Amino acid sequence: MDWAGLLGWVSIGLGDLDLIKFLFFQFGAVDFRSDPNSLSPVSVFPIRGLDWIRLCIAMNYIIGAFKPACHISFTFFDGKSRKQVPSKKENGQTLMVPLFQSQENIVGKISIEPVSGKKVEHNGIKVELLGQIEMYFDKGNFYDFTSLVRELDVPGELYERKTYPFEFSTVEMPYETYNGVNVRLRYVLKVTINRGYAGSIVEDQDFVVRNYTPPPSINNSIKMEVGIEDCLHIEFEYNKSKYHLKDVIIGKIYFLLVRIKLKNMDLEIRRRESTGSGANTHVETETLAKFELMDGAPVRGESIPIRLFLSPYELTPTYQNINNKFSVKYYLNLVLVDEEDRRYFKQQEITMFRLAETS
Amino acid sequence: MMISNGIEDEEKWLAEGIAGIQHNAFYLHRALDSNNLREALKYSALLLSELRTSRLSPHKYYELYMRAFDELRRLEMFFKDENRHGCSVVDLYELVQHAGNILPRLYLLCTVGSVYIKSKEAPAKDVLKDLVEMCRGVQHPIRGLFLRSYLAQISRDELPDIASEYEGEGDTFMDAVEFVLQNFAEMNKLWVRMQHQGPLREREKLDKERNELRDLVGKNLHVLSQIEGVDLEIYRDTVLPRVLEQVVNCKDELAQYYLMDCIIQVFPDEYHLQTLETLLGACPQLQSAVDIKTVLSRLMERLSNYAASSPEVLPEFLQVEAFTKLSNAIGKVIEAQVDMPIVGAITLYVSLLTFTLHVHPDRLDYVDQVLGACVKKLSGKAKLEDSRVTKQVVALLSAPLDKYNDIVTALTLSNYPRVMDHLDAATNKVMAMVIIQSIMKNNTCVSTSDKVEVLFELIKGLIKDIEGTSTDELDEEDFKEEQNSVARLMHMLYNDDPEEMLKIINTVWKHIMAGGPKRLPFTVPPLVFSALKLVRRLQVQDGDVAGEEVPATPKKIFQLLNQIIEALSVVPSPELALRLYLQCAEAANDCDLEPVAYEFFTQAFVLYEEEVADSKAQVTAIHLIIGTLQRMNVFGIENRDTLTHKATGYSAKLLKKPDQCRAVYACSHLFWVDDQDGTKDGERVLLCLKRSLRIANAAQQMVNVTRGSSGPVTLFVEILNKYLYFFEKGSPQITGAAIQGLIDLIKTEMQSDSTTSNPASDAFFASTLRYIRFQKQKGGAMGEKYDPIKL
């Protein structure tokens, strides 16, 4: 499968510099021809994405059969000024959705307009703010770790467009929105027009939550000497152990002893997502970046610089035990390949965090 | 890694690479035309990925590189124009670093870096430093060299040099120097590493490939030399030590040789002069296989030319003691490189000599020092057999001759002959010839016996047989040529002071007397004449110096001459000795030294009697004796009588009658010297003539008997001429009647049937008669005298 083809549509309509960076990395630069043993590019993006598409088609079908009786729209109080970020929907489309962080007030209006003057009877209208975790082995079963409800209207009838203000104040949203391989964490505003036997009318508005951390007060470099006895001794250094998402990894690899003919050296960023607990723990590792550091065979005493910009990659902060459901960890994997394509590697965990954007 | 199986495969891979570049270049151009940064980056990275190949030789890789290079030029133009892509150069600088593969990433980074410097948004030095550091990521020799060469290329116009627009605000030319030096060091490392890349059996191929790449490395030195800010001080304190450190430490002969040469060629002469010590200090540290002699030779050649360029720079040479430094360095190099063949060492000395001759023509001691060093190197070795070595030694020895046009100068060099001693016989001779030719060409006069001594020591290969060499293979013509040269040389030995001149002659004699029978006939005559010349000079001065105690008296010289010629006579070469005796006798005569002259004549006669056996030689000899004796006026009557008596006696004893006849009538002159107080003994003249007539008659008869016809009348005509001579001179015994009688006799003879006519003698006779007739007609006293003769 052509990896580029799979992602091609993502870019439509987006001119953002960050995205360009991302695409450039994905399309232009990585050339896997030289290294057939490397991870297959397809595995970087989970096959499950396709399942989502199938699911969405089914939903559309249902909605199409019963034409919606009314049109529901959300307006946020600070909608104009609030930052919008792209969010991938279940059907694979990317929508721009508002971005919040924990303890923010989520304030806005919901307007409901019956279709072409038809009246809508209901047993009450409510809006919920849900924080949900969905495990893919347990699809469709959402675990709500946050659930807040506001009643919007008492039972009655709607004849015309009606607007309801709502407000969730200082909402505790400790976890970030996350789309993983085996797990998804999302936040949604859900409006329900309860109609009893006729079936409730439900409308969702996704939003994204990102939480910012201040720079850590202690941020030691990672420095280590590794090797194979009498064969290869290297010393590598990464300038930090904790990186923010737009950070740059600076470092160097110093060759203390080289008795094998190396061909090249890469630095990989790997994401380890573990879900479940106990016996049901499931671990999925993806290689998000494969960055060539060195071409050719160095000799003793050479020092190879590292400068890896993290911004082109779709990274998230490190998540420790989110609601006892999952964890996401990041690793730097230094891989040396010799002329017989043997690989020597050393993996080091790094902590990722989200730094408040200054803009 | 694939090892190339042949040229065809390589061609194929190159074609594939080019196709890949062209393909991506097409999309790149489209992206550039539509100002699409994203696409431009994508396709330029793909395009550059073609350079990741390991399959091409440097030569082919270069072709590929050049194509990529052209495309990068376009891309750079695009990057420069922010309006076209809307991305600040700072962002661009980061953006290109997102590329996953290192080689395309670094090419793009360098390209943007160049734009970055031009934009002046960051100090040039920071960008340059970053680029040169980041390029460390490419450790593959060929790919790394080309990448760094690209970096050098694009940064060339942006170095923060003095007076460049990138200088200032913390950017100084020192940053530029630092940058180039670092890039140079890294490139050199990569280049040197190439030799370890392949299997040993491909060593030769690798060396060839490496050679193809050397200019990429050398280019950096060229750039350094172009940086305005690199003045002498910077060069001396920073550039040179750093470059040399690289050169020495890389321990690679190919690189060391090339880079040393490069340093010498790209930096100005005055820098070399002022940093000689440093530069030369590196030489002994180089690998022993490095052709250091060529390197040093080139350096000295450059310095020589520099010295020749203008006289104003000469004090600099003195100030830095260039010669001493070079000399020491060469010594150390030779010491350090034990394996260096002797020819290498000698070549070095030749270069040094050429250098000092150009730069310090007045310092003969330097020349001698060089030769001395050479001797030291050669000492303990057997005679040089290797033709390359001897060639160099000849060059070494010829250089001072060519320079000074004056052998005398060379003669003061004490080590000169010692070097020559190391040559084999043949070369020694060649060298001796060179020396002699130099003297001849320049008309050099060698004027003291000491110098002559040295000179003959130098050319002793020509003067005598050298022990242990066989003379069989000598070419006769060469030998003659050599000996003739020696003979000519002797005339160049001259001093106005007779005393010194005598010493010179003594010295020469001392040398040539060992020459043996083959040489003496060539060498003795010039010496004799040289001595005689001195005698004549003394004779002229005689009046002035009379009475004083003079060491150089003719007498002494004649004693010496006697010895010399005696040596020749035992050789044996009697005819030559005889002539020389006669010459000496004549000289002695002029000096009024009767006993000496008599002695010489005695020697001549003894030789005639004992050694000259060949009748033809006898004829010649006797005529010479007669001729010489005739001119002698020093003898008293007794001596003269003895000698003339001997001469006439020998004349009459010649074998052939005509020879007898001619010798005898020639003897007539011995009794009639046409001087004021010369002997005028008409009686004995007549006796001689009559006797010759008798002999002529006898000869005629002998011919008659043996052949049946008379011989020509030539002899009679000749005798007639003698009669006429003495008649005219007024000898009373020679009468017109006698002449008349002789004429009649000849006429009768000619008319006789038995006489074979001979046109030559007829004509001779006719013209003799014509002369008589002429004299008669002329009248006057002589006419009257002739009058009675009837024709």
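**View 1. Helices α17 and α19 of chain B are roughly parallel to each other.** This is a predicted model: local features need pLDDT of at least 70, side-chain atom pairs count only at pLDDT 80 or more, and totals for chains, interfaces and linings use all residues. Side-chain values use heavy atoms, without hydrogens or water; residues are numbered from 1 along each chain as its sequence is written, with chains lettered from A and ligands numbered from 1 in the order written. Helix α17(B) spans residues 322-336. Its axis and that of α19(B) are 11 Å apart, at an angle of about 5°. Axes are lines fitted to C-alpha atoms, for helices over the stretch in contact, and angles run from 0 to 180 degrees between N-to-C directions. Angles under 35 degrees count as roughly parallel, over 145 as roughly antiparallel, 65 to 115 as roughly perpendicular and the rest as oblique.

**View 2. Side by side, α17(B) and α19(B) meet through named residues.** From α17(B) come B:F323, B:S327 and B:I334. From α19(B) come B:Y366, B:Q369, B:V370 and B:K377. The residues of this contact divide into 4 nonpolar, 2 polar and 1 charged. Ala, Val, Leu, Ile, Met, Phe, Trp, Tyr, Cys and Pro count as nonpolar, Asp, Glu, Lys and Arg as charged, and the others, Gly among them, as polar. Contact means heavy atoms within 4.5 Å.

**View 3. Helix α20(B) has a kink at B:S398.** The bend is about 30° and lies shortly before the proline B:P400. It is the angle between axes fitted to the seven residues ending there and the seven starting there. Buried means under 20% relative accessible area, exposed over 50%, partly exposed in between (1.4 Å probe, protein chains only).

**View 4. Helix α18(B) is largely enclosed by the rest of the structure.** Of its 18 residues, 16 are buried. Its end C-alpha atoms are 26 Å apart, in agreement with the span for 18 residues at 1.5 Å a residue.

**View 5. B:D269 is buried in helix α13(B).** The helix covers residues 269-274. The relative accessible area of B:D269 is 15%. Leaving aside neighbours within four places in sequence, B:D269 is in contact with B:R302, B:L303 and B:Y306.

Definitions and conventions
Helix = DSSP H or I, 4+ residues; strand = E, 2+ residues; numbered from the N terminus. Expected span 1.5 Å × (residues − 1).
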